[in-house]
Amino acid sequence: MHDIRALRETPDAYARGWDSKGLSGQALVEQILGHDTRLRAAQTTLQTAQSRRNEASRLIGQAKARKDEAEAQRLMAEVEGLKGVLASEGEAEAAANGALRELLTSLPNIPAPDVPPGKDEDDNVEVGRWGEPYAIANPRDHVSLGEPGRLMDFEAAARMSGSRFVVLRGQLARLERAIGQFMLDMQTTEHGYLEISPPLLVRDEAMFGTAQLPKFAEDLFRTTDDRWLISTAEVSLTNLVREQITPQEELPLRLTALTPCFRSEAGASGRDTRGMIRQHQFTKVEMVSITAPEDSEAEHERMLGCAQAVLKRLELPFRTMQLCAGDMGFSSRKTFDLEVWIPSEGRYREISSVSNCGDFQARRMDARTRAAGEKGSRFVHTLNGSGLAVGRTLVAILENYQDEDGRIAVPQALHPYMPGVTHIGGPKAGASA
């Protein structure tokens, strides 16, 4: 959601911001300001008519008190005429307000000043790299590694659920569970995030608050009672402060959750149809921070470090990319992606996205903060990031930790979560260890 007052004061900044997102910025600004002008004109006319109606009603009483029937009749006729003005201007106000709100809620956040220009992922900027890709001769992909012994079973999943689902069995299921628990423990015990067990089903208002609705409805799953399955725990965690004024002394709030996530992948037809990279159902550790406006940039860097630390502890080579304006998500004003090395593809693939949304989501949720002793409140800033996507981390471990026999070494960081298990898969993939 956008601040109409800021847009009035700095229209060129918004025009440039939307231009950088591939939209017609100047035309959008003119359209918004046109709706705003009509809305304020209707409101002014309404206020004037209401004030005059009240004044005329008061004067009617005075005229009748002094028995001036002619004046009383004239004033009553004026009041009757004002009813029509109030009705028509009320309709004009509602129409202008509806059009303005619909347009403002449909437009993405504008990029921060230091976001690089660009149209798509080809224009993203690498800002860091950690670890060297492992030298693996003829690496197998994760499907070839997981299917022996039916540790990874796409056919069984398809029979019950269709495409883009998987069944994990035995030690592979245990490894997935270990990854999620390791990540959650790391974010809570080392990085200070508060663990939350949130709802997986939410109402329209919650999805609107984090801007999944109305624009991305086709990417979501909806239940028969008009609730939505969350596409990310960002929705549930961020909405914990909706319609609240959080004391500034309690900020930042750092929240995390390990949850299933559900996405229809409507916009990914034909992409990553093999394997676990893009699934309708997956597990993810999400991080959310709620901060005062002046603290969000530093919090963004901190959150990025918390996600990077997971990959470092798992000893998975990765690079950090700053997204260009055209590749950023709808709500974000600045985003970094972490991309992990996938040997079978010979390239890095996204495993985490860490975003600062500024006050964009807070305005949609009416989430505010107020310092002690102050009367006024301000919108908070919201940030979110994956810490990390469990399924894609499982893929990265399978491929980076494989040996020539197809066995997978369990990363040292996960040994406490899988006591006694150092390898899984390989020639005896159906075995318990």
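This is a predicted model: local features need pLDDT of at least 70, side-chain atom pairs count only at pLDDT 80 or more; totals for chains, interfaces and linings use all residues.
Colleague: How many bridges join β10 to β16?
Modeller: Strands here are DSSP runs of E, at least two residues, and helices are runs of H or I, at least four, numbered from the N terminus. Two strands pair if DSSP finds at least two bridges between them. β10 (residues 281-291) and β16 run antiparallel, and the bridge count is 7.

Colleague: And which residue of β16 is the bridge partner of Val 354?
Modeller: β13 (residues 347-356) also runs antiparallel to β16, joined by 3 bridges. In β16, Val 354 is partnered with Gly 385.

Colleague: Is β16 largely enclosed or open?
Modeller: Count its buried residues (under 20% relative accessible area, 1.4 Å probe, protein chains only). For β16 (residues 381-389) that gives 9 of the 9, so the rest of the structure leaves the strand largely enclosed.

Colleague: Over to the helices: how far apart are the axes of α7 and α10?
Modeller: Axes are lines fitted to C-alpha atoms over the stretch in contact, with angles from 0 to 180 degrees between N-to-C directions. α7 (residues 170-190) and α10 (residues 296-313) pack at about 130°, and their axes lie apart by 11 Å.

Conventions. Residues are numbered from 1 along each chain as its sequence is written. Side-chain values use heavy atoms; hydrogens and water are left out. Buried means under 20% relative accessible area, exposed over 50%, partly exposed in between (1.4 Å probe, protein chains only).
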